[in-house]
Amino acid sequence: MKAYVFPGQGAQFVGMGKDLYDNNAEAREMFERANDILGFRITDLMFNGTDEDLRQTRVTQPAIFLHSVILAKTLGDEFQPDMTAGHSLGEFSALVAAGALSFDDGVRLVSARAQAMQKACELKPSTMAAVIALPDEKVEEICNGVDGVVVCANYNCPGQIVISGEVEAIDRACELLKEAGAKRALKLKVGGAFHSPLMEPARAELAEAIEATEIHAPKCPVYQNVDGKPHTDPAEIKANLVAQLTAPVRWTQSVKEMIADGADEFIELGPGKVLQGLVAKINPSVATSGKQ
C-alpha cells in the first residue's frame with residue numbers, strides 16, 4: 001500500500017516549485033491563484049528570493065504547502081494514495097491532497113496559521129532544539145525537571161526528538177541532556193517554540209478559522225500528528241488540527257501505525273528528503289522515494 005507523506009517547516013529552498021511553474025500550465029494557474037489569495041507574490045520569493053526571505057514563517061509555511069499540494073495535483077492519475085500524513089504544517093498538505101480540504105481553503109488556513117504562529121513567537125523569546133541519541137523517556141524526564149516551559153515537540157524517529165520552549169529553559173535542558181549522554185542537543189534556527197504551550201495564542205486564533213472552514217471526509221485515511229492515528233471524520237480532523245499547534249508531532253507513532261495498517265511504500269511529495277530519511281530510520285524494511 002502506498003503512503004504519501006508531506007514535509008513541514010525547514011524543508012524550503014530557493015527555487016522550490018519553479019520547474020512546476022515553468023513546465024505545467026495547471027501548476028502555474030494554481031500558483032497564481034495562491035498569489036491572489038495571499039495578497040503578495042509568494043512565487044517571486046520561492047523562485048528568486050533569499051534564504052532569509054524563505055525563513056519568515058508567513059512565507060515558509062505557504063511556500064512548502066504550495067510546492068507539495070501542486071506537485072500532488074500534477075501527478076494526475078498516478079496519485080492514488082492508500083493513506084496520507086504530513087509533518088506539522090505538512091498535515092494541511094496531506095488533507096488537501098486527500099480531498100478533505102479545498103486548495104483555496106488550504107491556502108487561507110496555512111496563511112492564517114503562519115501569521116498566528118508568527119505573532120505568538122513575538123510574545124516571548126522562545127526556540128527549539130534537536131536532541132540526538134537519547135531514549136524518548138529520558139528526554140521527557142529531563143524536560144519535566146527543568147524550570148520554565150520546555151517540552152518534547154517532535155518525535156521524529158527513534159533517537160531523534162526536538163524540544164521546544166522558553167530560551168533559558170531550552171539552554172538548561174540542553175546542558176542536562178548532554179550530561180545524560182545525548183550525542184547532540186543543538187538549538188535550531190527557528191522563530192519560536194512550535195508545538196509547545198507557548199503557541200496557545202496561535203491555537204486560539206486558528207481555532208476560529210478552522211471552525212469556519214468546510215472539511216470533507218478524505219478519500220483515504222489521514223494520519224494526524226496529535227495521536228498518530230488514521231482519521232476520516234471531518235469533526236475529528238478539525239479538532240486535531242486545532243490541538244496540533246500546542247501538542248507534539250508524533251511522527252514516529254504515525255509511521256508505525258501506517259506500516260501496521262499495510263503501508264509498504266512511502267512517497268514524499270514536496271521540498272527536501274527529510275521524511276524519507278526519518279521513515280527509513282523508523283523501519284528500514286519499507287520502500288521510500290520522493291518527488292520534488
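I began with aspartate 104, which is partly exposed at a relative accessible area of 23% (buried means under 20%, exposed over 50%, and partly exposed in between, with a 1.4 Å probe and protein chains only). The model is predicted, so I kept in mind that local features need pLDDT of at least 70 and side-chain atom pairs pLDDT 80 or more, while totals for chains, interfaces and linings use all residues. Residues are numbered from 1 along each chain as its sequence is written, and side-chain values use heavy atoms, with hydrogens and water left out.

Next I looked up the partner of aspartate 104: arginine 33 forms a salt bridge with it, the closest N and O atoms being 2.9 Å apart (a side-chain nitrogen of Lys or Arg within 4 Å of a carboxyl oxygen of Asp or Glu). Arginine 33 lies in helix α2 and aspartate 104 in helix α7, so the pair ties together parts that are 71 residues apart in sequence (helices are DSSP runs of H or I with at least four residues, strands runs of E with at least two, numbered from the N terminus). I also noted that Glu29 joins Arg33 and Asp104 in a network of salt bridges.

Then I turned to lysine 124 and glutamate 166, whose side chains meet in a salt bridge at 3.0 Å, N to O. Lysine 124 sits in the loop between α7 and β3, and glutamate 166 in strand β5, 42 residues away. Lysine 124 is partly exposed at 39%, whereas glutamate 166 counts as buried at 17%.

Last, I followed β5 into its sheet, where four strands run in the order β4-β5-β3-β6 with antiparallel pairing (two strands pair if DSSP finds at least two bridges between them).
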